[in-house]
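User: I'm new to reading protein models and would like to go through one with you. Could you give me the general idea each time, then the case here?

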Amino acid sequence: MASNQLYILPEDVQVLPVEALPEQALAKFEYEADDFIITYTHARNTSKIIDASSASLLQEFRKPKSLPEGVLTYALLNNLDAQKILEGSYTFLARLRNEGFLVSYDDTFGQKKSFFRAGDRFKEYEVVSKLDGVADTEIYKVSKNGRLHALKLLKTSKKTPQLLANFYNEIEILSALDNFVNPALTEHGEFENDHYLIMDWVDGKPCLQAAEKYQNLHDQANVLALLDLSNRLLNAYRHLHSQGMIHGDVHPANIIVTESGEVNIIDFGLSRMVSKNQHPARGGQVFFFEPEYAQSVLDAKPAPPATFEGEQYAIGALIYQLFTGKPYLHFSFDKKALFTQIVEEAPVPFQKLDIVIDDQIEKTILKALSKRKDDRYSNIEEFYLAVMKVQESFPDRSSEDKKLSVQVFRDSILSEYGFDGKLLKNGLQLAPKSSVNFGAAGISYLFLRKALIRSDSEILALADVWSDRAASYTQDPDAGFYSKEMDLTPSAIGRSSIYHTPSGVDLVQALVCQASGNLGGYYNAVRNFLHHASQPCENLDLTLGKSAELIGSSLIMENMPTYDKFIRNDLLNFGKNVLSDIWSNVDSYAAIGEQNPINYRGIAHGWAGILYATLKWCKVSGQHLPAHFFERVGQLVSLGMEENGYLRWEISNNEPVSWTGWCHGSAGYVFLWTALFRFTNEESYLELARKTAVHFLNAVAAGMNGSLCCGRSGECYALLSIYKATHDDFYLTEARRLAKEMLPHMYTNQMKNHSLYKGNIGAAVLFEELERPEFARMPLFE
């Protein structure tokens with residue numbers, strides 16, 4: 001590395017603190033609390049752990065610098081000896097250069113290698129767009145005579161023998177293939193000292209992206225769609241292997257699925273033509289390497305050539321990810337640990353991912369992921385036939401049968417979460433396991449409402465079991481309530497909200513115990529609620545803050561037995577103090593719509609939620625409304641925007657858009673207006689509710705998200721709120737219409753499994769309560 005050579009840390013190289021990683025990833029390698037991980041977005045390079053000082057040094061190369069300049073800058077900023085730092089870091093920087101993390105600026109970004117832009121010409125082709133490449137190539141979409149092609153160029157002017165070997169290997173492979181599952185080679189050569197090749201353009205999506213919409217496996221139609229996609233993928237590789245070719249670079253971005261479902265394989269630079277006894281360099285994404293290759297790395301031996309058996313393992317890893325949305329192992333970020341996992345560690349069972357699916361699907365995939373190659377399928381043909389056999393074992397339903405009915409949906413929920421279901425027997429595996437919003441407490445609430453509507457003691461017992469399960473998870477708060485993967489951390493969701501923390505589990509337990517006549521359990525749950533809801537909290541909003549504490553207190557208070565005055569007084573004092581805390585802050589803020597700490601206006605995180613929680617608590621407890629309550633109501637009303645017969649509110653002062661759902665949108669406001677109507681008996685509030693409902697009923701681009709929070713279920717409950725206030729059948733009819741429309745979309749990737757407010761559980765509550773609409777209430781809110 002010449003002293004005057006400029007180097008740069010590319011934009012797609014991330015340097016992250018290890019504490020930002022999920023717990024499962026952290027468990028796979030050794031690290032210090034202040035260590036960092038350096039990782040390449042494209043994943044062709046193995047991630048590695050570095051210490052904090054090395055991470056700080058690397059950041060100096062976000063702009064092009066020579067090594068001495070980068071080290072000198074770092075040393076001056078940190079009052080260190082530059083010569084000692086240079087001597088101590090040379091080996092480290094050289095290794096990062098060899099591994100592709102630190103790259104030559106002149107070779108990669110220099111003037112000789114400026115990128116083409118849309119409209120530029122390459123020979124007789126017009127550049128349409130530049131695509132994401134990898135460390136060794138630029139890729140463009142180009143057109144000629146109205147036909148699209150893909151152009152690949154080597155990025156660096158100093159082409160290494162290996163880069164050229166891979167480049168010309170791809171040309172040779174494409175020339176030999178029949179173009180049935182691969183793009184046809186159009187031309188290749190050199191142009192102004194650049195090596196290039198041009199192929200037919202393959203239009204479509206990477207296979208993982210194509211699979212995403214089917215990954216809610218609670219719907220059998222999605223399972224069948226993924227089996228079909230897997231068969232098409234295996235059939236493509238079956239055809240490739242029949243030509244004596246091993247792809248050698250299996251990963252999601254290299255398998256393209258067209259709109260019609262055809263599967264195409266791309267990127268043949270690492271491919272091997274078996275008849276020529278070739279041994280191209282090994283490479284690809286580390287998560288798809290076979291155990292034989294991983295063992296050679298651990299033994300520091302030459303890499304074995306790509307084999308059909310090894311490719312089968314990679315395809316198995318890919319199909320596993322198509323079904324689960326996750327890699328087959330919780331991969332470590334430490335290189336040695338990662339390759340050891342590939343050699344020794346069994347794939348994560350579907351059960352550990354809360355996936356309930358036909359056992360034969362998992363077994364069929366896991367056979368391809370056997371550690372010993374002799375235990376895998378004898379060839380890709382056998383793998384293909386095994387998946388086909390599983391697919392054919394599913395009942396052949398008519399198109400009418402495939403339509404999801406309300407009864408089928410209810411039956412599937414009871415089958416999956418009932419006494420005979422695997423989820424209850426095995427327990428939820430993925431965090432957060434306990435919470436109302438994403439875990440067992442929300443499931444318990446579903447069966448509580450179902451039991452009360454149907455007067456069914458067996459279902460009430462099921463609610464009790466799920467409630468106990470939720471409580472058992474609270475012993476491990478990280479698993480019970482938090483998830484870095486979902487960005488649910490104490491700093492993000494706090495420690496007192498009924499929707500995300502132990503206070504919600506206590507609330508549900510109290511309601512279940514009360515319905516069951518278990519007064520001892522009821523009072524214990526209320527005591528626990530008061531303890532958990534009293535955790536420090538600065539947030540004031542309804543879903544994450546103090547207003548959630550008011551909602552929980554109101555739900556307990558409204559049906560509390562009157563003969564225990566002590567616990568009732570404790571709850572009253574708690575609610576009174578919470579209300580005082582909220583309004584001592586709120587009264588110091590500027591008017592709604594002006595600059596103040598509460599930027600949002602809606603129910604979940606804004607002013608409407610604070611007003612609603614205040615009103616609900618005061619009505620239940622008998623406490624007087626705050627002095628400036630109606631002044632704040634008036635400010636919020638004045639911000640409504642009336643047009644074409646409906647009312648809407650913008651999300652916040654700096655987000656001039658209006659949503660339709662409960663969290664930030666019109667449906668949430670309806671609950672406030674109907675609550676005010678019941679409290680004051682003033683028709684003007686009912687008129688506000690009606691006009692607000694028109695906004696989401698007439699939404700031009702209304703989505704099919706079926707959740708309580710952001711989707712149709714929340715809107716249905718808003719309509720039911722107006723129905724209960726007016727007894728106007730129009731709103732009940734519209735609620736049932738919306739529910740029916742969302743039913744076919746119940747298992748889209750927008751709906752999160754096991755979730756009350758974000759997924760299937762909340763929708764299941766709605767369909768139960770539509771049977772008795774006068775009894776309906778937005779879960780743990782109304």
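User: How many bridges join strand E15 to E16?

Analyst: Some ground rules to begin with. This is a predicted model, where local features need pLDDT of at least 70 and side-chain atom pairs count only at pLDDT 80 or more, while totals for chains, interfaces and linings use all residues. Residues are numbered from 1 along each chain as its sequence is written, and side-chain values use heavy atoms, with hydrogens and water left out. Strands (E, at least two residues) and helices (H or I, at least four) are DSSP runs, numbered from the N terminus. Two strands pair if DSSP finds at least two bridges between them. Here, three bridges join E15 (residues 255-257) to E16, and the two run antiparallel.

User: Where do the side chains of a strand point?

Analyst: In a regular strand, they alternate between the two faces of the sheet.

User: What is the order of the strands in the sheet that contains E1?

Analyst: That open sheet runs E5-E1-E6, three strands with antiparallel pairing. Its edge strands are E5 (65-66) and E6 (103-104), each pairing on one side only. E1 (residues 6-8) pairs with E5 over two bridges, and Leu6 stands opposite Ser66 in E5.

User: How many residues lie between E11 and E12 in their hairpin?

Analyst: Two residues lie between them, and Glu192 in the turn has a positive phi of about 50°. Six bridges join E11 (residues 185-191) to E12 (residues 194-200), in the antiparallel sense. Look for His188, whose bridge partner in E12 is Leu197.

User: Now helices. At what angle do H25 and H26 pack?

Analyst: Axes are lines fitted to C-alpha atoms, for helices over the stretch in contact, and angles run from 0 to 180 degrees between N-to-C directions. H25 (residues 629-638) and H26 (residues 666-680) pack at about 135°, with their axes 13 Å apart. Angles under 35 degrees count as roughly parallel, over 145 as roughly antiparallel, 65 to 115 as roughly perpendicular and the rest as oblique. H25 and H26 are therefore oblique to each other.

User: What is the handedness of the H25 and H26 crossing, and which residues make the contact?

Analyst: The crossing is left-handed. A crossing gets that label if the near helix is turned anticlockwise from the far one by less than a right angle, and is right-handed if clockwise. Phe629, Phe630, Val633, Leu636 and Val637 of H25 make the contact with Tyr669, Leu672, Trp673, Leu676 and Thr680 of H26. By class, these are nine nonpolar, one polar and no charged residues. Ala, Val, Leu, Ile, Met, Phe, Trp, Tyr, Cys and Pro count as nonpolar, Asp, Glu, Lys and Arg as charged, and the others, Gly among them, as polar.

User: How does H24 pack against H26?

Analyst: H24 (residues 607-621) and H26 have axes 10 Å apart, at an angle of about 30°. H24 passes H26 in a left-handed crossing.

User: How many salt bridges does the structure hold?

Analyst: It holds 33. A salt bridge is a side-chain nitrogen of Lys or Arg within 4 Å of a carboxyl oxygen of Asp or Glu. One of them links Glu687 with Arg690, with the closest N and O atoms 3.9 Å apart. Both residues lie in helix H27 (residues 683-697), three residues apart, about one turn of the helix.

Key
Contact = heavy atoms within 4.5 Å.
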